Amino acid sequence: MMFHEKPFNFATLRIGTGINKLKEGLDPEILAYWYKRIEDKAIESAPSHLKEKIHITQDRILWMKFRVDISKRVVPYVMQVIDEYIPMMPYSTGLYFRRVQQILIQEMNKELR
C-alpha cells in the first residue's frame, strides 16, 4: 500500500509545482518587469525620431491591465524585442507576450483594411 502512495504524492507535488510556476509567470509584477524591459529596449533600438512614440503603462487599479501606446511605425521594433526576450521569460509569461504579438498584428491588419 505504501508503494502506491509515494508515486501518487510525487505526481501530485509535481503537478502542484507546475501550476504554481505557471501562476507566478502571470504575476503583475513579472509582467510589469518584462513590459519595462521591452519598452526600454524598443526605445533604444528605434530611430531617434520614433523614440517618443513608445509608451507602456500599467493600470493603477487593475494591475494585470497594461496600455500599450505605440505608433504603427514602431511596431516592428517592439515585435523584434518581444521575440528576443521570450526565450528568457517564464513559460506562461512567454505565452502572454506571444498573445500580445498576435494582438499587435491584428490591430495592424485592421488598419490596412
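**Salt bridges in the predicted model**

In this predicted model, Asp40 has a relative accessibility of 37% and therefore counts as partly exposed, since the partly exposed class lies between the 20% limit for buried residues and the 50% limit for exposed residues. The side chain of Asp40 meets that of Lys36 in a salt bridge, with a distance of 3.1 Å from N to O. Lys36 likewise counts as partly exposed, at 45% relative accessibility. Because Lys36 and Asp40 are four residues apart in helix H2, which comprises residues 28-45, about one helical turn separates them. The pair also belongs to a network of salt bridges in which Lys36, Glu39 and Asp40 are linked.

A further salt bridge is formed between Arg98 and Asp83, whose closest N and O atoms are 2.8 Å apart. Since Arg98 lies in helix H4 (residues 91-112) and Asp83 in helix H3 (residues 75-85), this pair ties together parts that are 15 residues apart in sequence. Both partners are partly exposed, with a relative accessibility of 37% for Arg98 and a relative accessible area of 40% for Asp83.

Within helix H4, Lys110 and Glu107 lie three residues apart, which corresponds to about one turn of the helix, and their side chains meet in a salt bridge with an N to O distance of 3.2 Å. Glu107 is partly exposed, its relative accessible area being 38%. In general, side chains of opposite charge can pair when their charged atoms come close. For the model, the count comes to five salt bridges, including those of Lys36 with Asp40, Arg98 with Asp83 and Lys110 with Glu107.

Methods:
Residues are numbered from 1 along each chain as its sequence is written. This is a predicted model: local features need pLDDT of at least 70, side-chain atom pairs count only at pLDDT 80 or more; totals for chains, interfaces and linings use all residues. Side-chain values use heavy atoms; hydrogens and water are left out. A salt bridge is a side-chain nitrogen of Lys or Arg within 4 Å of a carboxyl oxygen of Asp or Glu. Helices (H or I, at least four residues) and strands (E, at least two) are DSSP runs, numbered from the N terminus. Buried means under 20% relative accessible area, exposed over 50%, partly exposed in between (1.4 Å probe, protein chains only).
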